[in-house]
Amino acid sequence: MTVRLITGAAQGRELVLECRYEADDPWAVALDFGPQEGAVWTLSRELLAAGLREPAGHGDVHLEPDDRGGVLIALSGTAGVALLTAPRVRLAGFLAATEAVVPIGAESAHVDWDRCISELLST
């Protein structure tokens, strides 16, 4: 999907955003800005769902619906804060697709807990 990086009152820049979800990490979604931007942000699926309805987020990621059918996404890092606007309907469609793979509330059934424990114990 195309999102807009807000850089000033009359300025901005369009970016291509790929949203990814994998069942083996069922609580997370990835926002991939591609190799040109070199940034992938991972956030909880629950945060994305909340941000479609109301202001949500703590720390480095905040989401909030706007009054024009979009969602404002604020990403804070060492270089500063990036403010983006994304189409709410596209994010909602992505979220619905993740729920078709792993229903909300059923995430723990999709985790290989034995592998997780082995990895923790091997470090």
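## The largest pocket

The largest pocket is lined by 15 residues, and those nearest its centre are Ala39, Trp41, Leu75, Val81 and Ala82. Of the elements, β8 gives the most, with four residues. By type, the lining divides into ten nonpolar, three polar and two charged residues. Here Ala, Val, Leu, Ile, Met, Phe, Trp, Tyr, Cys and Pro count as nonpolar, Asp, Glu, Lys and Arg as charged, and the others, Gly among them, as polar.

The volume of the largest pocket is about 260 Å³, taken as the space filled by probe spheres set on grid points that are joined across faces, edges and corners. A pocket is an open set of points on a 1 Å grid over the protein atoms alone, with protein on both sides within 12 Å along at least five of seven lines, and lining residues have an atom within 4 Å of a point.

## How to read the model

This is a predicted model, in which local features need pLDDT of at least 70, side-chain atom pairs count only at pLDDT 80 or more, and totals for chains, interfaces and linings use all residues. Residues are numbered from 1 along each chain as its sequence is written, and side-chain values use heavy atoms, with hydrogens and water left out.

The predictor's confidence in each residue is its pLDDT, from 0 to 100. The chain averages 88, and 94% of the residues score at least 70. Where pLDDT is low, the predicted coordinates should not be read in detail.

## The chain as a whole

Four helices and eight strands make up the elements of the chain; these are DSSP runs numbered from the N terminus, with helices (H or I) of at least four residues and strands (E) of at least two. Starting at the N terminus, their order is β-β-β-β-α-β-α-β-β-β-α-α. The C-alpha trace spans about 55 × 30 × 25 Å along its principal axes.

Of the 123 residues, 35% are buried. Buried means under 20% relative accessible area, exposed over 50%, and partly exposed in between (1.4 Å probe, protein chains only).

## A covered helix

Is helix α2 (residues 45-53) mostly covered or mostly open? It is mostly covered, as seven of its nine residues are buried: Arg45, Leu47, Leu48, Ala49, Ala50, Gly51 and Leu52. Their cover includes β4 (28-32), β5 (40-44), β6, β7 and α3 (88-101).

Leu84 has its place in strand β8 and, at 3% relative accessibility, counts as buried. Leaving aside neighbours within four places in sequence, Leu84 is in contact (heavy atoms within 4.5 Å) with residues including Val3, Leu15, Phe33 and Leu72. Thr7 is 77 residues from Leu84 in sequence, yet their C-alpha atoms are 9.0 Å apart.

Leu72 lies in strand β7 and is partly exposed, with a relative accessible area of 25%. Beyond its neighbours within four places, the contacts of Leu72 include Ile6, His62, Leu83 and Leu84. Its C-alpha is 9.3 Å from that of Leu52, a residue 20 places away in sequence.

Pro103 is found in the loop between α3 and α4, where it is partly exposed at 41% relative accessible area. Between the C-alpha atoms of Pro103 and Gly38, 65 residues apart along the chain, the separation is 30 Å.

How values were computed:
1 Å grid on protein atoms, 1.4 Å probe; cavity = no way out; pocket = protein on both sides within 12 Å on 5 of 7 lines; lining within 4 Å.
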